[in-house]
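Take a look at the chain and its fold below.

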Amino acid sequence: AGLSLKTYADALKGGQSGPAIVPGDSDKSLLVQVQSKGGHPGQLSTDELARIVAWIKAGAPETSGTSVTPTPSASSSSSMAWTGGIDQIIAAKCSACHIQSQTAGLSLKTYADALKGGNGGPAIVPGNVDKSRLIQIQSKGGHPGQLSADELATITAWIKAGAPETSGTSVAPTPSFSSSAPWTDGFDQIFAAKCGACHIQSQAGNLSLKTYGDALKGGQSGPAIVPGDPASSLLIQIQSRGGHPGQLSLDELGRLVVWIRAATFPPSETPSATPTPSASSLSMVWIGGIDQIIAAKCSACHIQSQTAGLSLKTYADALKGGQSGPAIVPGDSDKSLLVQVQSQGGHPGQLSADELAQIIAWIKAGAPEK
């Protein structure tokens, strides 16, 4: 669309629709306008968008050595100042449909609007999560402005605490575990948020994730979780492909992979034969968590198979590369096909900016294996 973000000057110049960045005015900055609608191919997280908005409001300094953190103030465009950053979550994910417009009769522009609700009822019922339309819709997954598991957990905790509008204290979700889903480390909340409609309220593919035992049992295609073996766990296989209706974030998927490898499950559900934590069954033990990034994003095409002749199953495979050249050239990120392809964006297993930066730094440092 005529827009380059290669340099700071390019961003100021903008593209066909206007400048990407207008220093001091986030409302007129096309980058913020587009990202606030949600659903962008390169969609920023709530935290990332908040940081960019704060940076623009601070004048969008190009080379200052000081970091800019968003201040907890009301959004200038939405009249929102809800407690605990709830306003920022809503502004980032729900803006296009429920702040700039009133899809289904629902506006989330103000706290009062959220209490009033729309065609389906009140978006928020303080103290009652089950009757809050916002939670009902988001728990099904696949919403155009789908919240992450952490965001949904934060809003759920806030509503349970009475949904205070302007309290100065933030509300953090308290770790709780349903007796019907005794998962450790908050995985009950993640599955409830992302997999609830298909695998808790129903059993799509004969797979239930309601309890740990259900996940071990699995469905038509096999066990959802194989303790100690992420590669054989159907849940990891499906999620690694990307594009799932209840797609986990990279952080969630990474946590899940680590958890399965270590087999750290609730004592009441511990398998009789717990495998000893060992190197990944994918033969990957690369330094600095690089193996985890690759396993999470590239598994379907380059570990379970060899799309374009490229396997990333082992470090040696990555050095060897595929049809177009080596995936990794130690010390030279520009010649590393992995970096070239990912830098173009839009890849089926697209890395986040942080992940790509981590891999580039690793390659520049010589791409040490262990």
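Histidine 302 has a relative accessible area of 12%, so it counts as buried, the cut-off being under 20%. This is a predicted model. Histidine 302 sits in helix α12 (residues 290-302). What does histidine 302 contact, leaving aside its neighbours within four places in sequence? Its partners are Thr307, Leu310, Ser311, Leu312 and Lys313.

## The whole protein

The protein has 15 helices and zero strands. It holds 370 residues, and 41% of them count as buried.

## Cysteines

How many disulfides does a search of the whole structure find? The search finds zero. Cysteine 97, for one, is in no disulfide. Its nearest cysteine sulfur belongs to cysteine 94 and lies 8.4 Å away. A disulfide needs the two sulfur atoms within 2.5 Å.

| Residue | Relative accessible area | Class |
|---|---|---|
| Cysteine 97 | 31% | partly exposed |
| Cysteine 195 | 6% | buried |
| Histidine 302 | 12% | buried |

## Helix α7

Helix α7 covers residues 149-160. Does its length fit the rule of 1.5 Å a residue, or what span should we expect? Its twelve residues should span 16 Å. The end C-alpha atoms are 16 Å apart, so the two values agree.

Is α7 mostly covered or mostly open? It is mostly covered, with ten of its twelve residues buried. The buried residues include Glu151, Thr154, Thr156 and Trp158. Leu152, Ile155 and Ile159 are also among them. After α7 comes glycine 162, which has a positive phi, near 100°.

## Where α2 meets α4

Helix α2 spans residues 30-37, and helix α4 spans residues 86-98. Their axes come within 6 Å and cross at roughly 80°. An angle of 65 to 115 degrees counts as roughly perpendicular, so α2 is roughly perpendicular to α4. On the α2 side, the contact is made by Gln35, Ser36 and Lys37. On the α4 side, Ala91, Ala92, Ser95 and Ala96 take part. The residues of this contact divide into three nonpolar, three polar and one charged.

Notes
Residues are numbered from 1 along each chain as its sequence is written. This is a predicted model: local features need pLDDT of at least 70, side-chain atom pairs count only at pLDDT 80 or more; totals for chains, interfaces and linings use all residues. Side-chain values use heavy atoms; hydrogens and water are left out. Axes are lines fitted to C-alpha atoms, for helices over the stretch in contact, and angles run from 0 to 180 degrees between N-to-C directions. Helices (H or I, at least four residues) and strands (E, at least two) are DSSP runs, numbered from the N terminus. Angles under 35 degrees count as roughly parallel, over 145 as roughly antiparallel, 65 to 115 as roughly perpendicular and the rest as oblique. Contact means heavy atoms within 4.5 Å. Ala, Val, Leu, Ile, Met, Phe, Trp, Tyr, Cys and Pro count as nonpolar, Asp, Glu, Lys and Arg as charged, and the others, Gly among them, as polar. The expected span of a helix is 1.5 Å times one less than its number of residues. Buried means under 20% relative accessible area, exposed over 50%, partly exposed in between (1.4 Å probe, protein chains only).
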